[in-house]
Every structure is written in structure tokens, then in C-alpha cells.
Amino acid sequence: MNRSEARKKIMTILYQIFLYESNNIEYSVKDVIKESVEIENEFVNSVVNGVLEYRSDIDKIANKHLNDWTIDRLPKTDQAILRMGIYELVYTDTPEIVSINEAVELAKEYSDEKVKNMINAVLDSIYHGEENE
């Protein structure tokens with residue numbers, strides 16, 4: 001599985017976790033990952049767990065860059081894409097342009113044009129802002 005395919009799986013896993021949480025359904029992160037990824041994948045494990053570990057910081061960063069909006073108002077798929085993009089941009093050594101491009105590509109496929117543009121703008125703003133310095 002290449003990184004783009006892995007990110008699609010990560011988005012699905014995060015979406016599922018956010019759905020479970022909003023419906024107060026108990027879950028195990030490990031089990032949710034296993035349901036989506038047949039073979040142990042370090043990249044998937046690392047990004048899913050990283051997004052969950054840093055979610056409150058990621059959300060603060062997102063909300064700071066969202067104009068008159070908050071991340072929790074977005075549909076769960078868009079939350080997953082944006083949180084994953086911010087996590088990769090701020091907390092990993094993935095090249096910034098790759099982090100942004102991969103998130104925008106997912107948004108092209110799973111979000112509407114307006115949300116895709118918003119995700120692109122937020123990530124671009126973070127990239128040019130102080131979080132990445």
C-alpha cells in the first residue's frame with residue numbers, strides 16, 4: 001500500500017472513530033485500524049495515533065486558521081482530512097507540499113469544492129504561519 005492509499009485508510013479510520021465518539025460507542029483504536037488495514041502498517045498506526053494524541057492542539061490550530069468557523073462544525077470526513085493534514089504538516093517530517101497536496105486530493109474526492117478550498121487555505125495558512133517554524 002502506498003502512502004496515498006494509506007492516507008485514504010487513515011481518513012476512514014479517523015472518520016469511524018469520530019463517529020463512534022459522537023455516538024458514545026466504545027471502541028479500541030487498534031481494532032478500528034485492524035478492520036481497515038489487513039497488514040500491520042506503521043505509517044497508518046503512527047498517523048492515526050498521532051492525530052488522536054494531539055487532537056486538541058490540532059483543533060486549536062485549525063480553529064485559529066478557520067475564518068468564522070470551527071473544526072467541530074465540519075462533517076466528520078472533512079474533520080478527518082483536515083486533522084490528518086495538520087498533523088502531518090506540524091508534527092511529522094513529511095514534506096509540507098506533500099502534506100497539503102495529499103489532504104487536498106482527499107478533499108477533492110470526498111468533499112465538496114467549497115470545503116476542498118477551505119482545507120487548502122487552512123493548510124496553506126498554517127504552512128506560512130508560526131506553527132511550522
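Visitor: How many aromatic pairs does the count come to?

Guide: Keep in mind that this is a predicted model. Rings of Phe, Tyr and Trp pair if their centres lie within 6.5 Å. By that rule, the count of aromatic pairs comes to four.

Visitor: Are the rings of Tyr54 and Tyr87 stacked or edge-to-face?

Guide: A pair of rings is described by the distance of the centres and the angle of the planes. Here the centres of Tyr54 and Tyr87 are 6.3 Å apart and the planes meet at 25°. Planes under 30 degrees apart count as stacked, so the Tyr54 and Tyr87 pair is stacked.

Visitor: How many residues apart in sequence are the parts that Tyr54 and Tyr87 tie together?

Guide: Tyr54 sits in the loop between α3 and α4, while Tyr87 belongs to helix α5. So the pair ties together parts whose separation in sequence is 33 residues.

Visitor: Which residues do ring pairs link into a cluster?

Guide: Tyr54 and Tyr87 are already known to us as a stacked pair. Ring pairs bring in Tyr91 too, and the cluster is Tyr54, Tyr87 and Tyr91.

Visitor: Which residue caps the N-terminal end of α3?

Guide: Helix α3 has twelve residues and reaches 16 Å from its first C-alpha to its last. At its N-terminal end, a side-chain oxygen lies 3.0 Å from the backbone nitrogen of Phe43. The residue that supplies this oxygen is Asn41.

Visitor: What charged residue has its end over the ring of Phe43?

Guide: Phe43 is one of the buried residues of α3. A charged end sits over its ring, 3.9 Å from the centre, and it belongs to Arg3.

Visitor: Which elements do the buried residues of α3 pack against?

Guide: Val48, one of the buried residues of α3, is among the members of the largest nonpolar core that touch the most others. Leaving aside neighbours within four places in sequence, its contacts include Ile10, Leu14 and Ile33. Taken together, the buried residues of α3 pack against α1, α2, α4 and α5.

Visitor: Is Lys116 buried or exposed?

Guide: Lys116 lies in helix α7, and its side chain makes a polar contact with that of Asn117 at 3.1 Å. Beyond four places in sequence, Lys116 touches Val104, Ala107, Lys108 and Ser111. With a relative accessible area of 13%, Lys116 is buried.

Conventions:
Residues numbered from 1 in each chain as written. Predicted model: local features only at pLDDT ≥ 70, side-chain atom pairs only at ≥ 80, totals over all residues. Heavy atoms only, no water. Core = buried A, V, L, I, M, F, W, Y, C linked by side-chain atoms within 4.5 Å. Buried < 20%, exposed > 50% of the residue type's maximum accessible area, 1.4 Å probe, protein only. Contact = heavy atoms within 4.5 Å. Helix = DSSP H or I, 4+ residues; strand = E, 2+ residues; numbered from the N terminus. Expected span 1.5 Å × (residues − 1). Polar contact = N/O pair within 3.5 Å; in protein donor to acceptor, adjacent residues only side chain to side chain. Phe/Tyr/Trp six-rings, centres within 6.5 Å; stacked < 30°, edge-to-face > 60°. Lys NZ or Arg CZ within 6 Å of the ring centre and 35° of its normal.
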